[in-house]
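Student: I have this protein open on my screen and would like to talk it through with you. Could we take it piece by piece?

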Amino acid sequence: MEYAEDQFLFPLVTEPRSRWEKAGLSPRQERSFNRVSTLLVALFVTGWLYSIFLAPPEDLEAGRPPVARISAELVRSPLATDAPTTAAFLTDGMVRAFASDFAREAGMASGAVRVKVLRPGERLDVPGVPAGASVELKPSEGGQSVAAGEASNPGIWNVVLKMADAIRPAMGVSVITLVPLSAKKSGRIGGYSIGSWPYEGGGAPKPIYEPPAGLVKVTPENMNLYVSEHVQLRDFLTKGQEGVWPKYVALQPKVLDKVELTIQELKRSGHPVKDIFVVSGFRTPSYNVDGGDPSGRAALSRHMYGDAMDIAVDNDGDGRMDDLNGDGRVTVEDARVLGEAADRVEQAHPELVGGIGIYAPTGAHSGFVHIDTRGYRARW
C-alpha cells in the first residue's frame, strides 16, 4: 500500500461534532453548558406560566394577566402622575424643550434679553404650554412658588415648568413684577427719593411721555442680576442715595434688545465686544431736575422712562471707551463707530427706532453713545 509522503506528518482532522465543540468547548464543558441552559429555560417557562395562570387577584378581576399590566405600563401616557420612569424621562425631555423655547421667546430679536417685565396686575402669558404642564414662579431670593397667574407681589421670579414628575427651570430668564407707581408717596417709596414725572397727573401729549406703570425694586441681593447678556440690573441705578435701599428703577426690555443687537452688529463689522461700560441708565425725575438738564427736551429725558442707555465699549475694563477705529487714540470717532452700528440695527429692526446721540470725550468721560427706543428717529 502506498501512502502520501506527508500523511504521517499531519494528524487526521475530523469535523467538530457540535457547534459548541466548534466554539472551543470540550465535551465535558459542553455537557455543563447544556445543563445550565436547560435550567434557565425551565425557569423562564415556569415564570411565564405563573404570570398567565396564577395572576394576582386584582389583575384577574380586571380581566388581564400581568403580561397585559406590564404592556400597559410601557404605553401609559407620560403625562400620568404615576407614569413609570421611562415616561418621566420622556416628559422631562418635553419640559426641557419647552423651557428652551420660552427662553428664546423672552430673548426678543437679539436672543440676549434675560427678563420679562410684567406691569402691575399683568399675568405671565406663556403660549403653547403642553397639555398637562403648568408654569410656576419661584422668588429669586427664596420662598414658596406660586402659579404664574398669581404672582401679585412685586419682585424678581424664576420660571419653573412642571409636567408630571418632571420639573425644569427656564434657565437664563427671570420674570420681574413691578411695584405700582401708586406706591410712591410725596415723591418717595420708603426712604428712596424719586420725584414726579411730567404729566403724572395726566394730559401726556404722546403715550411715550406717560409715566411708567411701575418700577423695579432693586436690592443688594438682586442688583447683580443680568437683565441681558451684557447688562446688569445695577447698570440702571440712578447715581446718588448710595446708602438707601431698596432702590427703584424704570426698565423697558426693548432698549436692552437694541443694545444687544448693536453689540452683535459691532461683532459682524469686526469689533467684537466683551464688555460695555454703562454711563447712565435710569434717572429718577428728581435726579433729572437736580443733576441733569431740566430745560427743553431734557425735561422729558428718555432716561426717566427706562428706555434709554448711555454706553461705551469697554473690553479692557478701564471704564472708558475703547479705541474702536484703531487709530491709537480715543476720540469722538470711536463713539461714531458705535453709533453707526446702532443706526444699522434700526434699519433692520424698525420697531426699535429711537434716538442715537454721539458724545465726544470730555474731562468727565471718554465719549459714549446714547441709545433709546422712543418710537421715532432722533439724531444728535
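**A hairpin, a sheet and a pocket**

Tutor: Let us begin with strand 4 and strand 5, which form a hairpin with 2 residues between them, and in that turn alanine 164 has a positive phi of about 55°. Please keep in mind that this is a predicted model.

Student: How many bridges join strand 4 to strand 5, and do they run parallel or antiparallel?

Tutor: Strand 4, residues 155-163, is joined to strand 5 by 8 bridges, and the two run antiparallel. Within this part of the structure, valine 160 stands opposite proline 169 of strand 5.

Student: And which sheet order do the strands follow?

Tutor: The order is 1-5-4-2-3 in an open sheet of 5 strands, and the pairing is mixed. Strand 1 and strand 3 (146-147) are the edge strands, each of them pairing on one side only.

Student: In what sense do strand 1 and strand 5 pair?

Tutor: Strand 1 pairs with strand 5 (residues 166-177) in the parallel sense, over 4 bridges, and valine 115 has serine 174 in strand 5 as its bridge partner.

Student: Switching topic: how much space lies in the second largest pocket?

Tutor: About 460 Å³ lies in the second largest pocket. It is lined by 25 residues, of which Arg119, Pro212, Ala213, Gln252 and Tyr305 are the closest to its centre. The elements that give two or more residues to this lining are strand 1 (115-118), strand 9 (214-218) and helix 6 (253-268).

Student: What is the lining like by class?

Tutor: The lining of the second largest pocket has 14 nonpolar residues, together with 7 charged and 4 polar ones.

Student: I also noticed arginine 302. Where is its place?

Tutor: Arginine 302 sits in the loop that lies between helix 7 (285-290) and strand 12 (308-313).

Student: Does arginine 302 count as buried or exposed, and why?

Tutor: Arginine 302 counts as buried because its relative accessibility is 5%, and buried means under 20%. Leaving aside residues up to four places away in sequence, arginine 302 touches Ile208, Tyr209, Asp307, Ala308, Asp372 and Arg374.

Student: Last one, on the protein chain: how many helices and strands, and what percentage of residues is buried?

Tutor: The protein chain has 8 helices and 15 strands, and 38% of its 380 residues are buried. The chain exposes about 21,300 Å², with carbon and sulfur atoms supplying 55% of that area.

Key
Residues are numbered from 1 along each chain as its sequence is written. This is a predicted model: local features need pLDDT of at least 70, side-chain atom pairs count only at pLDDT 80 or more; totals for chains, interfaces and linings use all residues. Side-chain values use heavy atoms; hydrogens and water are left out. Buried means under 20% relative accessible area, exposed over 50%, partly exposed in between (1.4 Å probe, protein chains only). Contact means heavy atoms within 4.5 Å. On a 1 Å grid over the protein atoms alone, a cavity is a set of points where a 1.4 Å probe fits but cannot get out, and a pocket is an open set with protein on both sides within 12 Å along at least five of seven lines; lining residues have an atom within 4 Å of a point. Grid points are joined across faces, edges and corners, and a volume is the space filled by probe spheres set on the points. Ala, Val, Leu, Ile, Met, Phe, Trp, Tyr, Cys and Pro count as nonpolar, Asp, Glu, Lys and Arg as charged, and the others, Gly among them, as polar. Accessible areas come from the Shrake-Rupley method with a 1.4 Å probe; for residues, only the protein chains shown count as cover. Two strands pair if DSSP finds at least two bridges between them.
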